[in-house]
Amino acid sequence: MKQLIKIEESKLARQKLNVELYKKVYLIRRAEEKIREYYAEDEMKTPMHMSMGEEAIAAGVCHALNNCDQVFTTYRSHAVFLAKTQNCDEFFAEMYAKETSSIKGKGGSMHLCLPADGFMGTSAIVGAHIPVAVGCAFANKIKNNNKIVAVFFGDGAVDEGVFWESINVACLMRLSVLFLCEDNNLAVHTFSYERRGYSSITQIISRFNCQVFESDSTDTEEIYNLTLKALMQIRRENKPCFMNLKYYRYLEHVGVNYDFDVGYRSKEEFENWYKRDPVSLLRKKLLDCGLGIEEIKKIEEDINSKIDQSILKAKKAPFSEQSELHKDIFK
Ligand SMILES: Cc1ncc(C[n+]2csc(CCOP(=O)(O)OP(=O)(O)O)c2C)c(N)n1
Ligand SMILES: [Mg+2]
């Protein structure tokens, strides 16, 4: 099990931790920047719900999990997929809908899936994956395999009845589930205060048999440490935890562009959040931890070249045969 590192305990251990976290946030950011660069070519024929802005949550949480732990998430899946699997070849093969992806191009950006790496699946139906994640945690309990299920969802999913049914059952049955609300305060263009008849989600959840954590940090190390605390609680108390983690969605709800011209939110708000951009913040932290600029650039070059190679391989790869269409699907 991963342990909290006390600051005074080991400068080197913290530096190493932040390097590993930086590799994850940088991979996510650069992979999406490449999607923005190439999307207009119209070779990636999948709607894109971009993760930019939420990298600290995905990387901090997934780094705290054990490899064998399982995650479920939504159509806004890029960050969590890359943080959990780091499988850049698979990621771009599926973006380009090619045969070389393990799901053979049948999912696209909204339905990524790689169970072998604990990335169990995603859903484009808001909230629909949450009961599946709880079912998976029930199976883990029966198997007594000590796996934890982390289920990510947006604040919009909390407006669905199925969320409440799922968390109720998980609390009742004391299942090992980490409920993670990636709270960007928006469901498409509608703010939380326009959708909810209450003010505090964490206040309500804390009445359940469930420990609650919340943060608006964009510091990946802070999210990592908070998640470790939640995971320790789940293991010690045998009951779920709920984390409400706030972030700012940089780009439009669906698509690869900024949308400050639409009028539902201001550029000033973005600029305020951008001052605490998770990737820049962690890069600065590495320098403060004593890492040299050349070492940081080397990490970045390696990741950039990995991404470039994955894109090249994906572009060159064949599409699946037509006979593949009806395989591996529910009929
Ligand atoms: C059950 C259902 N209702 C409505 C939609 C249409 N829809 C797609 S995304 C979305 C907003 C969801 O917001 P949130 O859960 O906060 O996720 P975010 O996009 O902010 O990451 C809605 C309403 C849907 N996909 N599924
Ligand atoms: Mg939202």
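Start with helix H2, whose buried residues are Glu55, Ala56, Ile57, Ala58, Ala59, Gly60, Val61, Cys62, His63 and Ala64. "Buried" here is a count: 20 or more other C-beta atoms lie within 10 Å of the residue's own, while 12 or fewer makes a residue exposed and anything in between partly exposed, with C-beta atoms placed from the backbone. By that count 10 of the 10 residues of H2 are buried, so the helix is largely enclosed by the rest of the structure. Helices (H or I, at least four residues) and strands (E, at least two) are DSSP runs, numbered from the N terminus.

A word on what you're looking at: this is a predicted model, where local features need pLDDT of at least 70 and side-chain atom pairs count only at pLDDT 80 or more, though totals for chains, interfaces and linings use all residues. Residues are numbered from 1 along each chain as its sequence is written, and chains are lettered from A and ligands numbered from 1 in the order in which they are written.

Now pick out Ile57, which sits in H2 (residues 55-64). Ile57 has 29 other C-beta atoms within 10 Å, so it counts as buried. Who touches it? Setting aside neighbours within four places in sequence, Ile57 is in contact (C-beta atoms, placed from the backbone, within 7 Å) with Glu182, Ile223, Leu245 and Tyr247. Val80 is 23 residues away from Ile57 in sequence, with the two C-alpha atoms 8.5 Å apart in space.

Next, the helix pairs. H1 (residues 11-38) packs on H3 (residues 78-85) at an angle of about 135°, with the axes 9 Å apart. Axes are lines fitted to C-alpha atoms, for helices over the stretch in contact, and angles run from 0 to 180 degrees between N-to-C directions. That makes H1 oblique to H3; under 35 degrees counts as roughly parallel, over 145 as roughly antiparallel, 65 to 115 as roughly perpendicular, and the rest as oblique. The H1 and H3 crossing is right-handed, meaning the near helix is turned clockwise from the far one by less than a right angle, with anticlockwise being left-handed. On the H1 side you'll find Lys24, Leu27, Ile28, Ala31 and Glu32, which meet His78, Ala79, Leu82 and Ala83 of H3. That contact splits into six nonpolar, one polar and two charged residues. For such tallies, Ala, Val, Leu, Ile, Met, Phe, Trp, Tyr, Cys and Pro are nonpolar, Asp, Glu, Lys and Arg are charged, and the others, Gly among them, are polar.

H5 (residues 129-143) and H6 (residues 161-172) pack at about 15°, with axes 9 Å apart. H5 and H6 are therefore roughly parallel to each other, and their crossing is left-handed. Ile130, Pro131, Val134 and Ala137 of H5 meet Val162, Phe163, Glu165, Ser166, Val169 and Ala170 of H6, a set with eight nonpolar, one polar and one charged residue.

Two loop residues deserve a look. Most residues other than glycine have a negative phi. Asp42, in the loop between H1 and H2, has a positive phi near 65°. Asn144, in the loop between H5 and strand E3 (149-154), also has a positive phi, about 55°. Asp42 is exposed, with 7 other C-beta atoms within 10 Å, and Asn144 is exposed with a count of 7.

Finally, ligand 1 has 13 residues around it, and Arg76, Val126, Gly154, Gly156 and Ala187 come nearest. A residue is near if its C-beta atom, placed from the backbone, lies within 6 Å. This shell holds seven nonpolar, four polar and two charged residues.

Terms used: Contact = placed C-beta atoms within 7 Å.
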